[in-house]
Amino acid sequence: QVQLVESGGGYVQAAVSLILSCVASGSICSITNFGWHRQAPGKELVLVAQITTSGAANYADSAKGRFTISRDNAKDTVYLQMNSLKSEDTAVYYCTADSRRGPMALDRYWGRGTQVTVSS
């Protein structure tokens with residue numbers, strides 16, 4: 001089992017920056033990828049960014065060039081640096097961790113989410 005706790009959300013003005021953090025606990029050694037997903041009001045849950053164990057990252061088109069995902073394995077923490085925020089970034093942001101279960105299976109764990117509201 002993996003537990004994830006996000007922090008760093010809030011109410012901000014457009015064009016500013018915000019950094020989200022997610023601390024993992026539990027079966028840390030089994031974690032492979034971390035990710036950030038978001039769900040805007042009335043919209044589907046979507047992947048924002050993902051980072052592998054080796055630090056390779058991929059981003060949704062909406063996040064490219066503005067958001068940076070990083071991880072500190074020593075602190076069991078993953079971050080999402082968000083720059084040049086727009087009103088359309090308003091959403092609940094969820095941290096995820098993929099955990100190995102045996103040689104062939106992965107379980108995805110989710111945090112409870114943190115609200116980001118960007119005012120234009």
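Predicted model: local features only at pLDDT ≥ 70, side-chain atom pairs only at ≥ 80, totals over all residues.
Residues are numbered from 1 along each chain as its sequence is written, and side-chain values use heavy atoms, with hydrogens and water left out.

Now switch to cartoon. You'll find 11 strands and 0 helices (DSSP runs numbered from the N terminus: E, at least two residues, for strands; H or I, at least four, for helices). The radius of gyration is 14 Å, close to the 14 Å from the globule rule for 120 residues, so the chain is as compact as a globular protein of that length (taken over C-alpha atoms; the rule is 2.2 Å times the number of residues to the power 0.38). Draw a box along the principal axes and the C-alpha atoms fill roughly 45 × 25 × 25 Å.

Next, colour by burial: 42% of the 120 residues count as buried, meaning under 20% relative accessible area with a 1.4 Å probe, protein chains only.

Then select histidine 37, in strand β4 (residues 31-39). Is histidine 37 buried or exposed? With a relative accessible area of 7%, histidine 37 is buried. Show what surrounds it: leaving aside neighbours within four places in sequence, histidine 37 is in contact with Leu45, Val46, Leu47, Val48, Val92, Tyr93, Tyr94, Thr96, Arg108 and Trp110.

Definitions and conventions: Buried < 20%, exposed > 50% of the residue type's maximum accessible area, 1.4 Å probe, protein only. Contact = heavy atoms within 4.5 Å.
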